Amino acid sequence: MAIINLKDLRAALPRHARLIGLDPGSKTIGVALSDVSLMLASPYGAIKRGKLAANAAEIAAIATKQGAAGLVVGLPLSMDGSMGPAAQAAKDWARAVADATGLPCALFDERMSSAAVNRMLIAEADLTRARRAKSVDRAAAAYMLQSALDASRPSATRDSMGGADT
């Protein structure tokens, strides 16, 4: 499957279908789920990074179990917005996972998601480094997916909530 624009992905979803947010790291893949109204993202879990076929099978099983019909994969752009090696690797991985699962996929800039989640976990939750490490992957996936949901919300919904049309 091709990687498609986020707004096109959202528009193509069947009614009441969820999105899965994926934050692929070198050791784990953070997983988040949207609600059926595509308004709220929640942490779901983490998958140990392994062979693509096994990871794709786990993602497909989550999609089936949770009623998800699309993927949003975090794209770690460089701070200047350019596509570095990590972003290219994430893009290639996203395309391969979309092909293996048969689910449409969009990419979303997640430059600051892990840093923001770490700051929040340190400041608000006062978690130790070991406990943060267990939580950060799924929380970063939820942070990224929430940002994607907010950015792709139809104009009428954003306007009614006081948001600016971009």
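Hi everyone. Before we start, one term: when I say two residues are in contact, I mean that they have heavy atoms within 4.5 Å of each other. Also keep in mind that what you see above is a predicted model.

With that term in hand, let's go to Asn55, which sits in helix H2, residues 52–66. Leaving out its neighbours within four places in sequence, Asn55 is in contact with Ile29, Ile47, Lys48, Arg49 and Gly50. One of these, Lys48, has its backbone oxygen 3.0 Å from a polar atom of the Asn55 side chain. Is Asn55 buried or exposed? Its relative accessibility is 2%, and buried means under 20%, so Asn55 counts as buried.

Now let me step back to the whole chain. The protein chain has six helices and five strands, and read along the sequence they follow the pattern α-β-β-β-α-β-α-β-α-α-α. Of its 166 residues, 41% count as buried. If you take the contacts with a separation of 6 or more, 65% of them come from residues 24 or more positions apart. The accessible surface comes to about 8600 Å², and 56% of that belongs to carbon and sulfur atoms.

Next, please find strand E4, residues 68–75. Which strands pair with E4? One partner is E1, residues 18–24, which runs parallel to E4 and is joined to it by five bridges. Within that pairing, Leu19 stands opposite Gly70 in E4. Another partner is E5, residues 105–109, again in the parallel sense and over five bridges. Here Leu75 stands opposite Asp109 in E5.

How many of the eight residues of E4 are buried? Eight of the eight are, so the strand is largely enclosed by the rest of the structure.

H3 covers residues 85–101, and Ala87 lies in it. With a relative accessible area of 0%, Ala87 is buried, because buried means under 20%. Not counting residues up to four places away in sequence, Ala87 touches Leu75, Pro76 and Leu77. Ala87 and Leu77 are 10 residues apart along the chain, and their C-alpha atoms are separated by 5.4 Å.

Terms used. Residues are numbered from 1 along each chain as its sequence is written. This is a predicted model: local features need pLDDT of at least 70, side-chain atom pairs count only at pLDDT 80 or more; totals for chains, interfaces and linings use all residues. Side-chain values use heavy atoms; hydrogens and water are left out. Helices (H or I, at least four residues) and strands (E, at least two) are DSSP runs, numbered from the N terminus. Buried means under 20% relative accessible area, exposed over 50%, partly exposed in between (1.4 Å probe, protein chains only). Two strands pair if DSSP finds at least two bridges between them. A polar contact is a pair of N or O atoms within 3.5 Å; within protein, one must be able to donate a hydrogen and the other to accept it, and residues adjacent in sequence count only if both atoms are side-chain atoms. Accessible areas come from the Shrake-Rupley method with a 1.4 Å probe; for residues, only the protein chains shown count as cover.
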